[in-house]
Amino acid sequence: STIARGGAIRIDDTEDPAPYFTHNLFLENNADVGGGGMYVHDDDATVGIENSLFWANTAGANGAGLLASAVNSETRSSNSVFADHTPWAYWRAQASATSDFDLYFGNAGDSMNVSVNDPIYEDPLLPWPPDYDASVCDLYAFEPEPGSPLIGTATGPFNVTHPERFPDADGDLYPEIIDCDDADATTHPHATEACDGRDNDCDGT
């Protein structure tokens, strides 16, 4: 499909005055005009983005990763990564937009035209291509490698991109927040349902 703005997420006239996004991955999205990863066009909203990874998104004009363009809105990004974008990773058009402790690397042209506080301009040492099975939602596929400048750089209690390892007691790569039985590796959201009286695939039945 053809999307003009907001390849993954478009925020436009939301009823929430302060939408907040954290621990998200925006990977290889595209918008024909701008905001390949996210497009913010909502007057009077304050949008927060934290501990997220914008990677290899594209756009026809500006803001391949993130485009903020509403006159009275404010977009705040912190402790996030913007890498391998064409063109401009983070673009402000009229809106107020800030970038605090974000990492910029490998973006075509200048990375951003927003107010920046303590940026990092180093290779994030993230695995590419990621080491994960595309059929399984592996939350740890994008963990920084040893020596990455992302480790320990966050201002809060978490690190950039991987703030913490969500508990996964049974080691099936499905953390307890989505695993209905974290003591059994055969039970998780992508398991095959069996007629054994148990909820194998965590769908509530």
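## Parallel strand pairing in a predicted model

In strand S11, Phe-82 is the bridge partner of Phe-54. This is a predicted model, in which local features need pLDDT of at least 70 and side-chain atom pairs count only at pLDDT 80 or more, while totals for chains, interfaces and linings use all residues. Residues are numbered from 1 along each chain as its sequence is written, and side-chain values use heavy atoms, with hydrogens and water left out.

The chain has 15 strands and zero helices. Both kinds of element are DSSP runs numbered from the N terminus: strands are E runs of at least two residues, helices H or I runs of at least four. Two strands count as paired if DSSP finds at least two bridges between them.

Strands S3, S7, S11 and S14 form an open sheet in the order S3-S7-S11-S14, with parallel pairing. Strand S3 (25–27) and strand S14 (103–105) are at the edges with a single partner strand each, so one side of each has no neighbour in the sheet. From one strand to the next the twist averages 5 degrees; axes are lines fitted to C-alpha atoms, and angles run from 0 to 180 degrees between N-to-C directions. Strands of a sheet pair through backbone hydrogen bonds, either parallel or antiparallel.

| Strand | Partner strand | Bridges |
|---|---|---|
| S7 (residues 53–55) | S11 (residues 81–83) | three bridges |
| S10 (residues 74–78) | S13 (residues 96–100) | five bridges |
| S13 | S15 (residues 115–117) | three bridges |

Ala-97 in S13 is opposite Thr-75, and Asp-100 has Asn-117 of S15 as its bridge partner.

Ala-56 lies in the loop between S7 and strand S8 (58–59). Leaving out residues up to four places away in sequence, Ala-56 touches Glu-28, Asn-29, Ala-83, Asp-84 and His-85, where a contact means heavy atoms within 4.5 Å.

For the whole chain, 43% of the 205 residues count as buried, meaning under 20% relative accessible area with a 1.4 Å probe, protein chains only. Among contacts with a separation of 6 or more, 53% come from residues 24 or more positions apart. The accessible surface of the chain is about 10000 Å², and carbon and sulfur atoms hold 49% of this surface; the areas come from the Shrake-Rupley method with a 1.4 Å probe.

Notes. Buried < 20%, exposed > 50% of the residue type's maximum accessible area, 1.4 Å probe, protein only.
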